[in-house]
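Good morning, and thank you for joining this group meeting.

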Amino acid sequence: MRISCPYCGERSLDEYLYIGDATVTRPDPAGANAQADFYKYAYERTNPAGAHKELWYHSAGCHAWLVVERDTRTHEISSVETAKDVALKRNVAKGGA
Amino acid sequence: MSASQTNRITGKGLIDRRKPLRFTFDGKSYDGFQGDTLASALLANGVVLTGRSFKYHRARGILSAGSEEPNAIVELRAGARREPNTRATMIELFPGLEAHSQNRWPSLKYDVLSINSLLSPVFVAGFYYKTFMWPSAMWEKLYEPMIRRAAGLGRASDEADPDTYDKSNAFCDVLVVGGGAAGLMAALTAGRAGARVIVCDEHFDLGGRLLSETQLVDGKPAHDWVRAAVAELRAMPEVQILTRTSVFGAYDTGTFAAVERVADHLPKPGVHQPRQRLWRIIAKQCVLAAGATERPIVFGNNDLPGVMLASAVRTYINRFGVMPGKTAVIFANNDEAATTARDLATVGVRVAAIVDSRPQPSAAVRDAAKTTGARLVSGVVADAKGRIAVKGARIVPAAGEAFDVSCDLIAVSGGYNPNVQLTTHQNGRPQWNETLAAFLPGSSPKGMTVVGSAKGTFSLPDCLAEGAQAGAAAATAAGFSAHVPQVPKAEAESYGVVPMWRVKEAKHKAFVDFQNDVAASDIDLAEREGYRSVEHVKRYTTLGMATDQGKTANVNGLAILAALTGKSIPETGITSARPPYSPVSIGALAGHHRGKEFKATRLPPSYYWAKEQGAVMVEAGLWMRPQYFPRAGETDWLETVTREVKTTRSAAGICDVSTLGKIEIQGADAGTFLDRVYINMFSTLGVGKARYGMMLREDGIVLDDGTTARFAQDRFFMTTTTVNAVKVMQHLEFCHQWHWPELDVQMASATDQWAQYSVAGPRSRELLAKLVDAPFDISNEGFPYMAVAEITVCNGIRARIYRLSFSGELAYEIGVPARYGDSLIRALMAAGQEFGALCYGTEALGVMRIEKGHVGGPEINGTTTAADLGLGKMASTKKDFIGRVLAGREGLKDPSRPALVGFRPVDRSARLRSGSHLLPKDAGNFASNDQGYLTSVAYSPMNGHWVGLGLLSNAASRMGEIVRAYDPVRNGDTLVEVVSPVFFDPEGERLRV
């Protein structure tokens, strides 16, 4: 597998580390059901066959966390964005900072 | 020509007759030529028996002339380079080559275990499961050793591999797999367009079948055209030719794996030359021109030496100038019979009969029979005759009585299987083609085009045309302007295959998988016993599971299964081919990553100084750290470590702590950021101060601990444990980039930038006072406990000083730029001489932290919470932090969770062992009584006995209780007392003086 890092270009899989699902975000710790929400966030995962957004870390490169959309059946990658950009957009959508 | 090469044909072949080579097989000396394979040289010398089979020890010879060889498997070379299970057909002859046959005792000709063949009714499919089920003890002691001896797989060398293996990455526009007619045309066309082309071929010369056939290309012998094509390719600067290179895996994103046998054809690799090289090739486009593999036909005794694939017969004649027999019978279901008969007759082999299994032998075959004088039979060869070599064939005509024909060669062709393997490595499914009676590539991976006989195109002019088209298309797709050239002229051949899988008239055992000794009767049995899925039959019979991956066996096997189950071949399906296409040595996969170079080694700044002192080193992650510094007269490590601890606690000790992870954290929101990752507060930390911090994972378990100093309002310096340095850096970047990108904070690892030493002990202040530059005030008032400062030392060297203590003594850590690390340790030791200071290693470091009850790696072990470690009160209730919510789960607050306490042996002379399980005093040693375990133990020089830290259930209420430390692994069973984890200076008075 090869991933196109927005900063470094297309690089081999061995430069990256995988952490997992990018569709879950850290819940509100002050929320009413914080413990249940965090439990889901920490442990519950879907296992889709097909397109999936995942977090990858360019550990042997620029240290950027990336949101990679990958087809889990073929490893075909349809998009790569920096996690920071995705998170900033998410914040704007939530009306946050 | 050597007199011994009785089967060598004068004036024929592409071998170099000016370069004779001597080699040995089973200790006997033979001659061959440069350009021979071991197989061709053995055949030239009349050696047809090359080994015994895996299970039945049946006599086996050379079946093929390529990487599909299932039979002629030999042990190559001797000593440290001895290599089992190499294919004689792929071994290039080199001077002094030494090979041995496998699976025979005492000799190849008189193999005692060939009695297995008589016992063959016992050794049927699934016999391991059926015969050796009970009693289980008999497995280990009797059956398994017996089977291992009987079912030989050659002997690996017991010595370390003396050779090196390389790894290389390559990038290209067009990768051409296979250098036969189609592949060469593709490479020429793409190369002419200027594309970066890599051509790989598993053989030592490009040309493929063109080297083995007598066809003309552009009116010249095919190998002349090959020579010109290769010369043109070599002249192109962007074209790289990799011969002896097998592309064994096709992966996503145009990634291919290949192994180049760089020096396998030499007696030993040259100086600095690798034995093999593993290639990772990244290709924008791939042209797969991997050719096709001829199928045997399943008839009685079809495994006897002297039964050979028809294509291999032609290869041995035309390419190697070797006569594979004197009298031949040809058995085929296609027009390869005609070509083979002509080539045999041309070199003087008598073609006794052509047996054509098709309902009507074709005109081509009738014509060849006429010109060669062969008897043409419409029918089958039912059995080969002979004990250790073919002596004849029993022929059953379609009409009429069976009869025998004397011969020493049976050339067999059951048609061709296109080599589609690389198209299936990413889940591509081959498609059955009824006309060609073969599986053709179904979908192929993105960017891959299949051409030539790999695609089922068996006629030379079509192969050349397809190659040219694919080469042009691939170059165009890669961004070049390419055009399809005029292809050289060649004559079209006929094929006309009509399936013939299994000869039902066979009286003898008929083999499907030669290498794994799977006969047609095994498939019958599997089917009778209910194994009807091709995947089940494969596993039950081991069909196609040998190192040849069933290249000559799989399709025949499933065709036989299809016939038995009354299904069609496409309904029956085919098992998946997975990488590697052909065997790859572990050495090539490991490359340089072996022994000491398995992983990188990091050296702390004081490494060379410590080596000069005779320090004993220990691996800590990637680091090599001094473990202890023995002195003359000391008899064991404990004596040394005890001295190091006592000296440090009474005078001063210096320890290299540069391996701790160090992270610079800066920005206006740095304090806020640290508040969110640590359980305790850091935004309130004063400038010029340090604080111990602990961080959790989101699930509430402790991730790491360390101290973080604040050098300015917006500038922090974090330390982590040595082992978690990388993990913590990754975690912080994750938290910042994914959770809180809005925070103004930047971070960078500075582990390698700072050399850092701990200077501990009551004389440490006096020692450092000699090195720090004025006007820095190192007095207790001027620089109290937990203070930090940026200073200079040794007349102007930039340094950071921290008043931190892991040992429990008055102590400092001092950091200088890493390049001064060696100088600083020498300066510290010189300054410390008058105080009796020494340098201590990781052992003394560990002893002192256990004496002080500080947690380390054995306690922060991925299962413990802050509360488990007695540090729950550190967690701030005024803020959120990573792990806070889930650490509050009921189960993690359960008081029966094992928590940290100290232990000392009731009998003070007893030794404690880490890992000992803690049981109630009078409880039996059952897992159900387990209440925890000892995590860290040490002989405490300050207490004069062993002490331990451990995790114990309901620890808080059990102070003073006596429990059992049970260590069945080392026969330990010691009564220990539950005590405070702090064994020395519980008030912490020493570190504040």
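Predicted model: local features only at pLDDT ≥ 70, side-chain atom pairs only at ≥ 80, totals over all residues.

In chain B, seven strands form an open sheet in the order E17-E23-E18-E19-E20-E21-E22, and their pairing is mixed. Which strands stand at the edges? They are strand E17, residues 307-309, and strand E22, residues 403-406, of chain B; each has a single partner strand, so one side of each is left without a neighbour in the sheet. On average, neighbouring strands here are turned by 40° against each other, direction ignored.

Helix H7 of chain B, residues 310-318, lies across E17, E18 and E23 of chain B, and runs at about 85° to E17(B).

I turn next to strand E32 of chain B, residues 653-656. Gly653(B) and Cys655(B) point one way from this strand, Ile654(B) and Asp656(B) point the other way, and all are buried. With strand E38 of chain B, residues 754-760, E32(B) pairs in the antiparallel sense over four bridges; there, Cys655(B) has Ser758(B) as its bridge partner. With strand E42 of chain B, residues 838-839, E32(B) runs parallel, joined by two bridges, and Gly653(B) has Leu838(B) as its bridge partner.

Now to the helices. Two packed helices are described by the angle between their axes and the distance between the axes. For helix H18, residues 637-650, and helix H23, residues 842-851, both of chain B, the angle is about 60° and the axes are 9 Å apart. H18(B) and H23(B) are therefore oblique to each other, and the crossing is right-handed. Among the residues that meet are Trp637(B) and Val641(B) from H18(B), and Ala844(B) and Val847(B) from H23(B). By class, this contact has six nonpolar, one polar and two charged residues.

Finally, the contact between the chains. How many residues does each chain contribute? Chain B gives 20 residues and chain A gives 23 residues. On the side of chain B, helix H20 (725-739) and helix H24 (884-887) are the elements that give two or more residues. H20(B) gives the most, with six residues. By class, this side of chain B has five nonpolar, seven polar and eight charged residues.

How values were computed:
Residues numbered from 1 in each chain as written. Chains lettered and ligands numbered in written order. Pairing = 2+ DSSP bridges. Axes fitted to C-alpha atoms, helices over the stretch in contact; angles between N-to-C directions. Contact = placed C-beta atoms within 7 Å. Buried ≥ 20, exposed ≤ 12 C-beta atoms within 10 Å, placed from the backbone. Nonpolar A, V, L, I, M, F, W, Y, C, P; charged D, E, K, R; others polar. Parallel < 35°, antiparallel > 145°, perpendicular 65-115°, else oblique. Left-handed = near helix turned anticlockwise from the far one by under 90°.
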